[in-house]
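Keep the sequence and the 3D view open while you read.

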Amino acid sequence: MAGPVYFRKVSEDPGTVRCAFGPDPEGMTRTLTMHKAPRTSAVDDDRPDHLALKASE
């Protein structure tokens, strides 16, 4: 069963957006960087787990 992933924008500049994410609103301890032009994203801690894959979709 899939669970939700919660996001909160941390910062933004002309090329990227950084968001905190986690399994619940109080547990957003990880960050994701989204690159605007190529529309790609990557988790900042390089931990490729299920939550990171859901967050980067």
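A residue counts as buried under 20% relative accessible area, as exposed over 50%, and as partly exposed in between (1.4 Å probe, protein chains only). This is a predicted model, where local features need pLDDT of at least 70, side-chain atom pairs count only at pLDDT 80 or more, and totals for chains, interfaces and linings use all residues. Residues are numbered from 1 along each chain as its sequence is written, and side-chain values use heavy atoms, with hydrogens and water left out. Helices (H or I, at least four residues) and strands (E, at least two) are DSSP runs, numbered from the N terminus.

**Salt bridges**

- A salt bridge is a side-chain nitrogen of Lys or Arg within 4 Å of a carboxyl oxygen of Asp or Glu, and the count by this rule is 6.
- Lys 36 and Glu 12 form one of them, at 2.7 Å from N to O. Lys 36 sits in the loop between β3 and β4 and Glu 12 in strand β1 (residues 6–12), so this pair ties together parts 24 residues apart in sequence.
- Glu 12 is partly exposed at 45% relative accessible area, and Lys 36 is partly exposed at 35%.
- Another salt bridge joins Arg 18 and Asp 44, at 3.1 Å from N to O. Arg 18 belongs to strand β2 and Asp 44 to the loop between β4 and α1, so parts 26 residues apart in sequence are tied together.
- Asp 45 and Arg 47 also make a salt bridge, with their closest N and O atoms 3.7 Å apart. Through shared partners, salt bridges join Arg 30, Asp 45, Arg 47 and Asp 49 into one network.

**Strands and a hairpin**

- Strands β3 (residues 30–35) and β4 (residues 40–43) run antiparallel and are joined by 4 bridges; two strands pair if DSSP finds at least two bridges between them.
- His 35 has Thr 40 in β4 as its bridge partner.
- The hairpin of β3 and β4 has 4 residues between the strands, and Arg 39 takes a positive phi near 55 degrees there.

**Around Cys 19**

- Find Cys 19 in strand β2 (residues 16–22). Cys 19 is buried, with a relative accessible area of 7%.
- Contact means heavy atoms within 4.5 Å. Leaving out residues up to four places away in sequence, Cys 19 touches several residues, including Phe 7, Val 10, Leu 32 and Met 34.
- Thr 31 is 12 residues from Cys 19 in sequence, and their C-alpha atoms are 5.4 Å apart.

**The nonpolar core**

- A nonpolar core is a set of buried Ala, Val, Leu, Ile, Met, Phe, Trp, Tyr and Cys residues joined through side-chain atoms within 4.5 Å.
- The largest one here has 7 residues: Val 5, Phe 21, Leu 32, Val 43, Leu 51, Ala 52 and Ala 55. Helix α1 (residues 50–55) gives the largest share of this core, 3 residues.
- Beyond its neighbours within four places in sequence, Ala 52 contacts Phe 21, Arg 30, Val 43 and Arg 47.

**An aromatic pair**

- Rings of Phe, Tyr and Trp (its six-membered ring) pair if their centres lie within 6.5 Å, and planes under 30 degrees apart count as stacked, over 60 as edge-to-face and the rest as tilted.
- That rule gives 1 aromatic pair. The ring centres of Phe 7 and Phe 21 are 6.4 Å apart and their planes are at 35 degrees, so the pair is tilted.
- Phe 7 is partly exposed at 40% relative accessibility, whereas Phe 21 is buried at 0%.
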